[in-house]
Structures are given as C-alpha cells and as structure tokens.
There are 2 protein chains.
Amino acid sequence: MALIVQKYGGTSVGTTERIQQVAKKVAKWRSQGHDLVIVVSAMSGETNRLMTLANEISHRPLARELDVLLSTGEQVTIALLTMALLELGLDAKSYTGAQVHIRTDDVHCKARITEIDHRKIRDDLANGRIVVVAGFQGADEHGNITTLGRGGSDTTAVALAAALTADECQIYTDVDGVYTTDPRVVPEARRLKSVTYEEMLEMASLGAKVLQIRSVEFASKYSVPLRVLSSFEDGEGTLITSEEESMEQALISGIAFNKDEAKLTVVGVPDQPGVAHRILGPVGRANIEVDMIIQNVGDNNTTDFTFTVHRNDYEKAEEILQEVAKELGAKQVTGDEKIVKLSLVGVGMRSHAGIASTMFETLANEAINIKMISTSEIKISVVIEEKYLELGVRALHSAFNLEDSKKQQ
Amino acid sequence: MALIVQKYGGTSVGTTERIQQVAKKVAKWRSQGHDLVIVVSAMSGETNRLMTLANEISHRPLARELDVLLSTGEQVTIALLTMALLELGLDAKSYTGAQVHIRTDDVHCKARITEIDHRKIRDDLANGRIVVVAGFQGADEHGNITTLGRGGSDTTAVALAAALTADECQIYTDVDGVYTTDPRVVPEARRLKSVTYEEMLEMASLGAKVLQIRSVEFASKYSVPLRVLSSFEDGEGTLITSEEESMEQALISGIAFNKDEAKLTVVGVPDQPGVAHRILGPVGRANIEVDMIIQNVGDNNTTDFTFTVHRNDYEKAEEILQEVAKELGAKQVTGDEKIVKLSLVGVGMRSHAGIASTMFETLANEAINIKMISTSEIKISVVIEEKYLELGVRALHSAFNLEDSKKQQ
C-alpha cells in the first residue's frame with residue numbers, strides 16, 4: 001500500500017466519457033489499497049475557449065483577472081471527476097488550489113509554489129477518501145487566485161507529492177513513456193524502464209516534450225520518483241528518478257533532436273576581447289534566445305563567430321547581425337535554416353570515454369558532415385544538415401544498441 | 001455620492017458584448033462619484049452547459065460537487081467584467097464569494113448566508129476601486145464552496161448591501177421595473193415608482209417574477225432600499241422600500257395573476273373535526289404544495305372541501321383524493337384545470353374599506369363568476385374561469401384607476 005499522486009492532463013479528461021475512463025483507472029489503483037491524490041488539468045479546449053472570451057474584451061487582459069478566469073477550467077474538471085468517482089461507489093472530495101492551501105508568490109500567470117499546507121488532504125486520506133485537486137493553480141498570501149503557467153498541472157502534482165512525501169508521482173499523458181528516440185523516426189525505438197532526472201532534463205530541453213522541464217527540476221530537487229504513463233493504455237511507463245535509484249545504467253539513454261533551430265555566422269570578425277559580447281548583446285536585447293555558440297580562430301587575426309537561434313527568430317537575428325557586422329568591420333554574415341540539432345544523452349558518459357568518437361565515426365560513415373559540436377557532462381550535441389536527420393538518428397540508435405530487440409526484423 | 005450595490009443577471013452578461021455594455025453602464029455611475037459594488041450571475045446558458053456535463057456523468061450528482069462545478073459560472077463573469085472595466089480605464093478587482101468571506105451554512109445548492117466579512121471590500125472602495133463580486137455563491141465554515149439556489153445572485157446583492165449599509169441595491173434585469181399588472185395583458189399598465197416590500201412579496205408569490213421572494217424578504221429584514229431597473233434601457237425603475245419610505249401611497253399597487261393553478265373539490269365530506277387534516281395530510285406527504293383552501297358547509301352535516309394546487313400536480317393530487325374520498329365516505333371528487341387566480345395587492349387596503357366589494361362588483365358587471373375567494377391584510381385573491389383572465393384584469397385595472405394616463409387613448 002502506497003501513497004500515490006496521479007496527474008491527468010487535458011486530453012485525458014477532454015470529454016465526460018474520458019473523465020469516466022480516468023475514474024475507472026483510479027478505481028483500479030484504489031482497489032489495490034493505495035492512497036490516492038488526483039491532480040487534473042482543464043478539459044482540452046476549455047482554456048482556449050476562456051482565452052477567446054478574454055480577448056473579445058481585452059487584448060491585454062490583466063494577469064490577475066486572467067488567473068480568476070482560467071482557474072475555472074480545472075475547477076470544472078475536479079467536480080466532474082469527483083462525481084464520476086462517487087458514481088463508482090468510491091469516496092472522493094474535490095479541492096481547488098486555494099482550498100488545499102497551495103500557496104504561491106504573487107506573479108500572476110506564472111506563479112511559483114512556495115508552500116503547501118497538506119493537513120486537509122492528510123485528513124481525507126486517513127478517512128479513506130480519494131482527494132481530487134485542481135492543477136495549475138494556487139493562491140497568494142492575500143488569497144488572490146494565481147496560476148502556474150505552462151505545464152502547471154505537472155508542477156502541482158510533483159509539489160503535492162513532495163509535500164506529502166508520496167511514494168510516487170504518476171503523470172498520465174498521451175504517450176506511454178519516454179523512448180530512446182522518437183518512434184516516428186526510428187520504429188525500433190525502445191521505451192526506457194527508467195531514466196535519471198538529469199537525462200530527462202536534457203531530453204526535455206532538447207525538444208522531447210513528454211514532461212515540462214520545471215516539474216522535472218522540482219521532482220529532482222525533492223527526490224520525488226516520477227513516472228510517465230499512458231492514460232489510454234496499460235503499461236509501466238517510464239520511471240524518472242535519481243541516478244542511485246535508477247535500475248538501468250545504460251551508457252546512453254536516448255537520442256533527442258530539435259528541428260526548430262537555425263544557424264548564423266559572422267565571418268571575419270577582428271579577434272579582439274569583447275567581441276562575443278558586442279555580437280550577442282544586441283541579439284539578447286531583442287529577446288532572441290541563443291542556444292549553441294562556437295567561435296573559431298581564422299586567418300589574419302580574425303575569427304568566425306557562429307550560434308544557433310530558434311527558426312522563428314532567424315530573420316530578425318540576421319538583420320541585427322548585418323548592423324553589428326558593419327560596426328565591427330566583419331567580412332559578412334552567413335546563415336543556414338536547414339539544420340537540425342541531434343544529441344546523445346546519458347549519464348554513462350561521465351564514466352565512459354570514447355562515446356564522442358563513436359558518435360563522430362558513425363556519422364562520418366554515413367557521410368554526414370558535422371557543422372557544430374557542443375558537449376555537457378551527460379550530453380553531446382551536433383548540428384547537421386536537416387536532410388540527414390533520419391539517417392543520423394537511425395545510425396546512432398543502432399551504433400549504441402538502443403533498439404528494442406523484439407521490434408527488430 | 002452614495003454607496004450602491006448593483007446586480008446584473010445572466011441575460012445582462014450573456015455575451016462579451018453585453019458585458020462591455022454593463023461596464024459602460026457602471027462607468028457612468030462611477031463618473032457621478034458613487035462607490036460601486038457589482039454582483040454578477042453566470043452568463044446565460046453557462047449553468048445549463050455545466051449541468052449537462054454533470055448529468056452526462058451522474059443522474060444525481062452530489063450537491064457539494066455540483067456547487068464546485070456551478071460556481072465557476074459566476075467566476076468567469078467577474079473576471080470578464082473586471083477586464084472590461086479595466087479596459088475603460090477604471091480601477092476594479094474581482095472576488096469570488098469565498099474570497100470576500102460570504103459565509104453560508106453547509107446546505108449545498110441552497111445555502112443561506114450567515115455572515116459577511118466586508119473589510120476587503122471596504123478597503124478596495126476606500127482605494128477608489130470598483131469591486132466585482134460573484135453572485136449565487138459563498139463558502140461554509142470549512143471553506144467548502146456553496147451556492148444559494150434560485151435567485152441566489154439577487155440574495156448576494158441584497159446581503160452585501162445590508163452588510164455594507166449601502167444607500168441602494170439596484171437589481172438590473174430585462175424589465176424596466178414593477179408594473180401595475182402585466183403589460184402584455186393591459187397595454188395601459190403603469191410602471192410603479194415605488195412599492196413596499198410587503199406588496200412586492202405578495203406580487204412575487206402571485207407569479208410576478210421580477211424578483212425572487214427571498215431577496216425581497218432579506219431586503220425587508222435589513223431595510224435595504226431595493227431598485228429594479230432595466231439593463232438595456234435607461235430609466236428610474238421601481239424602488240422597493242418600507243411603507244414609511246414609500247412615496248406613492250396608492251390604494252392598490254397592482255394586479256397579479258397566476259395561470260399555473262388548478263382546483264380540486266372533495267364533495268360531500270362528513271362535517272367532522274380533523275377532516276381537513278385527513279384530506280391535506282396525504283397531499284402534503286406527496287410533496288404537493290397547496291395554495292388556497294376553502295371549506296363550505298353543505299347539507300346533511302356534510303361539507304365541500306376545495307383547494308388549489310400547481311397545475312403540474314393536478315393529476316397526482318386527484319388520484320390521492322380519490323383514495324381519500326373513499327376512506328372518508330365522501331360523495332365525489334371534482335376538479336377544474338381551467339382556472340386562474342387573480343389578486344389585488346395594496347397596503348392601502350389596511351385603511352380603506354370597500355375595496356373587496358368594488359372588486360366583486362366590477363367582476364359581476366362583466367358577468368365573471370367568482371369560484372373562490374381568499375384574503376390577507378394587503379391582498380384579495382379570487383379564482384375565476386381562465387377564459388375571463390384578460391377581461392377581469394382589464395376591468396379591475398380600470399376600476400381602480402391604475403392606468404398610465406399617457407398610454408390611454
């Protein structure tokens with residue numbers, strides 16, 4: 001018998017029929033004797049409906065009032081799910097964020113949880129009740145309703161699990177776990193039984209959108225075992241946990257890729273101190289985020305300065321660089337939108353040498369040219385031409401033996 | 001400069017466009033220097049939408065969870081109206097019932113307000129803010145969300161006006177005031193400048209559905225001047241106030257009628273003590289409400305016992321009476337669905353004799369037969385055949401000089 005926090009997202013509770021399905025899933029866990037706290041999002045489409053109403057009235061609605069409006073979405077779901085649980089003969093009770101004292105700071109629309117008073121929940125659990133809590137929301141110290149921003153319901157679930165020292169926090173979503181890579185690219189991709197917080201963070205930041213970065217950080221900080229499962233199929237999902245607790249100690253956990261980047265180079269910049277700042281300063285001031293950065297030494301005391309940005313920011317960044325290049329006396333600005341970033345992620349890298357060279361060799365064997373390289377302790381990223389994406393991912397997936405043997409031909 | 005509580009119903013806030021209209025109306029009052037507290041209902045249609053969702057999950061949803069669900073309706077409106085006020089450059093802030101401590105008992109779906117802590121509202125008003133409060137809802141002593149039942153938003157407005165000792169509580173609706181009678185029946189019907197709480201209570205209980213009885217009782221108890229006005233047109237509406245404060249001291253304020261009644265008679269009941277109880281007991285136990293009751297002495301120590309019920313209960317009541325008649329040895333049960341109750345209402349009756357006889361004479365002159373009579377201190381009701389409704393109302397309206405002279409030909 002364990003204390004489990006479960007979170008069901010908008011798609012999982014998108015219709016009353018699906019809410020009834022979730023109730024049945026919860027009932028099954030309950031029948032195994034577990035104590036359950038269920039966190040839910042707004043029904044899919046509801047947040048958009050409310051935003052449309054707000055925008056009909058104001059192009060820039062005040063964040064405080066937007067929170068009052070949007071928080072009704074999850075409130076509807078908690079009531080409906082609780083009704084569905086009661087209908088199955090289970091004892092259950094619903095709470096808004098404010099009602100269970102999910103205290104946040106006062107930054108409306110992207111508040112951060114500061115404190116949770118879990119006594120009410122403990123009492124209900126002790127009385128054999130299933131507790132249903134509205135995700136994504138809380139209240140500041142003055143009782144104003146706040147919302148937590150993108151992925152907020154995941155954060156609520158992890159924060160509740162931390163406060164209650166739950167045995168596990170289960171995130172139900174529309175995929176059945178974390179894979180070695182995108183199964184649409186590599187059909188042999190294998191679902192990971194477990195992965196470390198750090199690896200999950202790298203994968204999330206690289207575009208694998210199973211979990212929001214913030215909730216993984218939170219889980220890591222408070223050592224909450226996190227499990228990603230499918231709302232629609234049975235299965236064990238993927239457990240995200242600390243390195244010590246992780247069962248699989250694979251060299252490489254997965255291959256992530258990001259197709260949303262573009263690369264820009266300022267060619268022939270005088271090689272002087274402060275150049276990087278003079279180039280990236282104006283870019284940052286235009287609110288353009290820079291990802292990978294590389295500076296090569298060139299001829300005649302000049303250097304080539306290359307970095308990647310989100311593809312949506314490409315044109316704006318290029319305009320800025322043309323100005324900067326003139327001021328710096330650089331030769332020219334070149335760019336490439338048809339690139340992709342491809343990353344190997346694995347905590348095993350820390351203790352194993354030779355992974356980078358295997359990666360580069362594998363790509364070379366397929367005649368894939370590497371345009372940029374960047375590494376961290378548990379990640380190696382390369383930028384290659386977009387057209388080589390599938391080829392590169394498949395070659396690496398096979399080179400590092402990540403396949404699910406059952407799926408191989 | 002006054003402190004005014006205004007309430008806008010579901011039709012008045014039925015679309016974002018109408019919410020913007022309400023904001024403009026509020027802005028106009030604000031520009032006259034008044035302190036304003038605005039109470040709103042759910043957008044029309046919203047409560048039905050939520051009820052449909054609940055019923056898809058449960059035929060008998062738990063009242064506590066229904067309150068969690070339905071209370072989101074007003075919460076959406078307070079956010080949108082506040083956004084609209086801010087958009088007009090006014091300072092405004094929204095609150096749910098729980099947030100301004102509208103404390104109720106714990107009878108979910110028909111809770112009664114027990115206490116209001118109005119400090120937060122006072123602070124906001126002192127800071128020049130318009131306060132927007134969700135009607136229809138509150139919270140019990142444990143913080144559970146409750147709703148007040150039918151007409152609950154009117155009750156919220158009156159309760160807030162009482163707690164704040166407001167100068168006036170204005171109920172905005174889709175009619176522009178209280179009329180001497182239904183203008184669809186008598187085109188010359190006149191809007192009353194003022195009417196007493198007691199008269200309003202009689203008219204409301206007689207089917208004039210401008211205000212919910214409960215909110216009028218509340219206003220009367222706490223001497224809150226209540227004004228009914230149109231959301232869509234300008235005008236002074238009708239002031240509902242105490243007899244002392246009332247400007248018009250008319251003999252008769254209005255003529256109400258009720259087409260929803262049916263009449264049943266048990267003929268030839270032995271005239272013994274306890275007969276009324278033996279007839280009405282089984283009717284009451286079947287949850288059928290009885291309105292007018294008359295007992296006539298007949299021949300041979302028998303009596304005829306007649307009463308009216310809602311037309312929807314007519315068949316059920318008749319079945320019950322057939323049983324009862326057998327047990328009592330009564331002659332037969334007769335009934336009539338084609339009747340209507342017609343009532344004169346006016347505090348002036350207290351001090352003027354002869355009103356009843358003028359009423360009966362007027363009806364007699366039109367050859368309208370009176371089937372039942374019942375009186376209270378400020379009301380005389382008669383039951384007549386349904387086909388004479390319009391004729392009767394017009395004749396009485398004219399006999400008591402209730403016409404708007406401007407509208408007369």
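How many residues does the contact take from chain A and from chain B?

**View 1. The contact between chain A and chain B in a predicted model.** The contact takes 28 residues from chain A and 28 residues from chain B, where two residues are in contact if their C-beta atoms, placed from the backbone, lie within 7 Å. On the side of chain A that touches chain B, α3(A) supplies the largest share, 14 residues, and α1, α2 (46-57) and α3 of chain A each supply at least two; helices are DSSP runs (H or I, at least four residues), numbered from the N terminus. In this predicted model, local features need pLDDT of at least 70 and side-chain atom pairs count only at pLDDT 80 or more, whereas totals for chains, interfaces and linings use all residues. Residues are numbered from 1 along each chain as its sequence is written, and chains are lettered from A in the order in which they are written.

**View 2. The packing of α1(A) against α3(A).** Helix α1 (residues 16-31) and helix α3 (residues 63-87) of chain A pack at an angle of about 55°, with their axes, which are lines fitted to C-alpha atoms over the stretch in contact, 9 Å apart. Among the residues that meet here are I19(A) and V26(A) in α1(A), and L80(A) and L81(A) in α3(A).

**View 3. Surroundings of V133(B).** Leaving aside its neighbours within four places in sequence, V133(B) is in contact with V37(B), I38(B), V39(B), I78(B), Y95(B), V100(B), T156(B) and L160(B).

Terms used: Axes fitted to C-alpha atoms, helices over the stretch in contact; angles between N-to-C directions.
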